[in-house]
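Good morning, and thank you for coming.

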Amino acid sequence: LTQTTMQRNLRIRGNFVQTPELGDLGILRDHLLVTDDKGVIVIFEPASSQSELTSCFTLPRGQFIMPTFVDTHLHAPQFLYQGNGLHLPLMQWLDEYAFRAEERLDGDPQLARKVYAQLARRLIQFGTSTVLLFGTIKEETNLILADAMKTAGLRAFVGKLSMDMLSKPSYIEPSADASIRAAQSFAEKCMAMNSSSHPHEHLLEPVLTPRFVPTCSDELLSGLGGLAAQHNLKIQSHLAEALDQVDFVRKQRGAEDIDIFDQYGLLTPRTVQAHCTFLNAPSLTRLSNRGTAIAHCPLSNSYFSAEPFPLREALDAGVKVGLGTDIAGGYALDIMNAMRHAVSVSRIREGNHQVAEREQQEETKQSLAINWIEALYLATKGGAQALGLKTGAFTIGAPFDAQQIQLLDSEGNGVGALDFFDLEDGGLTMEMIEKWWCVGERGNRIGIYDEIITSR
Ligand code: GUN
Ligand code: FE
């Protein structure tokens, strides 16, 4: 899976699965998909409508092709200590684990190269082709990160971390001014790393990344807002994440972090804010009006946030929502885990709501629970929209970012943990996809991108 061997001039015949709209599962049986010499989809139609089918690669029975996953929130340096220290509250965990791991990579380029190359390999194994990354403070380490992602052929949005306050003296930027200049310098170097001007081959994009309000001065936030407007740059940060963080900002700034971000022009249609757990209805409406997206990180919320994220309310308010792993606030890199956690957390919310309703005799509203099909949308199309991409579903003119899933082997037996299927006519059913969504694993993924061609 490299940029230079990206899939071009493909002709694939078989079953395709996608969620082009929230709640809408498309099972497109026996379709033909054709890409041009840039890897962009030019034909996607029922095979029966095509007269010329001889030169196709035909998917074996028991397999389908679906869009790859999008991870809208991941701290690349924290991959180093994924799965450790989760007994602490957020603000303490940041001090004792997060800053330490980041500082370590900033001081050891060889280790950074190793950690980031392994992160890229793992993302590919888990079917994630597109990722919005937090990096570290130092430019050199972020260029290593960008290079590792580019070499692996991932679509990566890379954020050089900005913070000029409230960190340890050895891991902080010296002034707001220096921080703003460093953010601009990294953005220029990262953009220059794209070797082609074609959007499908334009895999790297820099992102302005004020860590969160507690570690960023007003001067820094204001400068980054100006930079974003001037150069049309993407922005990412953490918003209303955790109880201790929200309290901290009220004490430190006498304000809500959403108002501070808004004041400095950091809530734009190019912004992705992680978590947003503690936003009320008017704040969700404000994000929707600004076109700002949310990276929903359900596993991380369960550990650090004290409350679940109001996902249904955000979707109803028209906010763009994608899923994030929040490595290492969340310990799991596989977006399939994020999808499953999003559904379980939302079901508990709905259950709690029903209990409260029984006591108060309230009117029944739309369910707060989301289902697996809605979760699949968030992990693919939802995430792509949060990042302003055309990917996430197969449409004419979109880059073909795809993964190949195998449910049955050539003898018709379930692959991996998929033991028993209720097979009616031998064709692909919604129940088979649902079962894969629940208990499928890495072994069911037999290729992404160009591996689809080479596995012929
Ligand atoms: N808020 C500020 N920095 C971080 C971080 O590294 N992880 C999480 N989960 N929240 C943050
Ligand atoms: Fe985070």
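Predicted model: local features only at pLDDT ≥ 70, side-chain atom pairs only at ≥ 80, totals over all residues.

Helix H4 (residues 176-192) and helix H5 (residues 218-231) pack with their axes 9 Å apart, at an angle of about 25 degrees. H4 is therefore roughly parallel to H5, a term for angles under 35 degrees, while over 145 counts as roughly antiparallel, 65 to 115 as roughly perpendicular and the rest as oblique. The axes are lines fitted to C-alpha atoms, for helices over the stretch in contact, and angles run from 0 to 180 degrees between N-to-C directions. Helices (H or I, at least four residues) and strands (E, at least two) are DSSP runs, numbered from the N terminus.

Residues are numbered from 1 along each chain as its sequence is written, and chains are lettered from A and ligands numbered from 1 in the order in which they are written.

To return to the pair, H4 passes H5 in a right-handed crossing, meaning that the near helix is turned clockwise from the far one by less than a right angle. From H4, Ala176, Ser179, Ile180, Ala183, Gln184 and Ala187 meet Glu219, Leu220, Gly223, Leu224, Leu227 and His231 of H5; contact requires C-beta atoms, placed from the backbone, to lie within 7 Å. Seven of these residues are nonpolar, four polar and one charged. Here Ala, Val, Leu, Ile, Met, Phe, Trp, Tyr, Cys and Pro count as nonpolar, Asp, Glu, Lys and Arg as charged, and the others, Gly among them, as polar.

H4 also packs with helix H3 (residues 139-152): their axes come within 11 Å and cross at roughly 30 degrees. H3 and H4 are therefore roughly parallel to each other, and their crossing is right-handed. Which residues of H3 meet H4? They are Glu139, Asn142, Leu143 and Ala146, and they meet Ala182, Ser185, Phe186, Lys189 and Cys190.

Let us turn to the ligand. Around ligand 1 are His75, Leu94, Ala98, Arg211, Phe212, His238, Glu241, Ser300, Asp326 and Gly329, each with its C-beta atom, placed from the backbone, within 6 Å. By class, three are nonpolar, four polar and three charged.

Two backbone details deserve mention. Most residues other than glycine have a negative phi, and most peptide bonds are trans. A cis peptide bond, with omega about 5 degrees, joins isoleucine 327 and alanine 328. Alanine 328 lies in the loop between strand S13 (321-323) and helix H11 (335-360). Aspartate 30, in strand S2 (residues 24-35), has a positive phi, near 45 degrees.

Terms used:
Contact = placed C-beta atoms within 7 Å.
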